[in-house]
Amino acid sequence: MTNDDMPRTLKSVETAFEIIEKLKGLDGGGVTQLADELSLAKSTVHVHLVTLEEKGYLINENGEYKLSLRFLNVGEHVKNKQKLFH
C-alpha cells in the first residue's frame with residue numbers, strides 16, 4: 001500500500017476524540033489537566049472543549065468538563081438501527 005492509498009484523517013477530529021476518550025477515562029477534567037495528560041497546548045484543548053460544549057456533547061461545571069447525555073442520544077439511535085437489537 002502506497003501513501004496515496006492510505007486513508008486520510010483530520011488531525012482536529014482525532015484530537016477531539018482523544019479529548020472525549022480522556023474525559024471518559026477521567027470522568028471529567030479541566031483544560032490544564034487534559035492538556036497535560038494529552039501533551040497538547042492548553043489553547044488547543046480549550047478550543048476543542050468549547051466547541052464540543054457548544055455542540056452539546058460536553059457540560060462545563062465550574063471549569064470541569066464532563067460528557068453530556070447527547071452521547072446517549074447518539075448511542076440510542078445507533079442501537080435502534082441494528083437489526084440484532086430488534
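**Close-up 1. Helices α2 and α3 cross in a right-handed way.** Here, right-handed means that the near helix is turned clockwise from the far one by less than a right angle, and left-handed means anticlockwise. The two axes come within 9 Å and cross at roughly 120°, with α3 spanning residues 42-54. Axes are lines fitted to C-alpha atoms, for helices over the stretch in contact, and angles run from 0 to 180 degrees between N-to-C directions. Helices (H or I, at least four residues) and strands (E, at least two) are DSSP runs, numbered from the N terminus. This is a predicted model, where local features need pLDDT of at least 70 and side-chain atom pairs count only at pLDDT 80 or more, while totals for chains, interfaces and linings use all residues. Residues are numbered from 1 along each chain as its sequence is written, and side-chain values use heavy atoms, with hydrogens and water left out.

**Close-up 2. Who touches whom between α2 and α3.** On the α2 side you'll find V31, T32, L34 and A35, and they meet K42, V45, H46 and L49 of α3; contact means heavy atoms within 4.5 Å. Sorted by class, that's 5 nonpolar, 2 polar and 1 charged residues. Nonpolar covers Ala, Val, Leu, Ile, Met, Phe, Trp, Tyr, Cys and Pro, charged covers Asp, Glu, Lys and Arg, and the others, Gly among them, are polar. Zoom in on A35: leaving out residues up to four places away in sequence, A35 touches L40, A41, K42 and V45.

**Close-up 3. α1 packs against α2.** Their axes sit 11 Å apart at an angle of about 110°, which makes α1 roughly perpendicular to α2 (65 to 115 degrees). From α1 come E18, I19, K22, L23 and L26, and from α2 come Q33, L34, E37 and L38. This contact splits into 5 nonpolar, 1 polar and 3 charged residues.

**Close-up 4. The largest nonpolar core has 12 residues.** Its members are I19, I20, L23, V31, L34, A35, L38, V45, L49, L52, L58 and Y65. Such a core is a set of buried Ala, Val, Leu, Ile, Met, Phe, Trp, Tyr and Cys residues joined through side-chain atoms within 4.5 Å. α1, α2 and α3 each give two or more residues, and α2 gives the most, with 4.

Close-up 5. D27 counts as exposed because its relative accessibility is 60%, and N62 does so at 86%. The cut-offs are over 50% relative accessible area for exposed, under 20% for buried and in between for partly exposed (1.4 Å probe, protein chains only).

Terms used: Angles under 35 degrees count as roughly parallel, over 145 as roughly antiparallel, 65 to 115 as roughly perpendicular and the rest as oblique.
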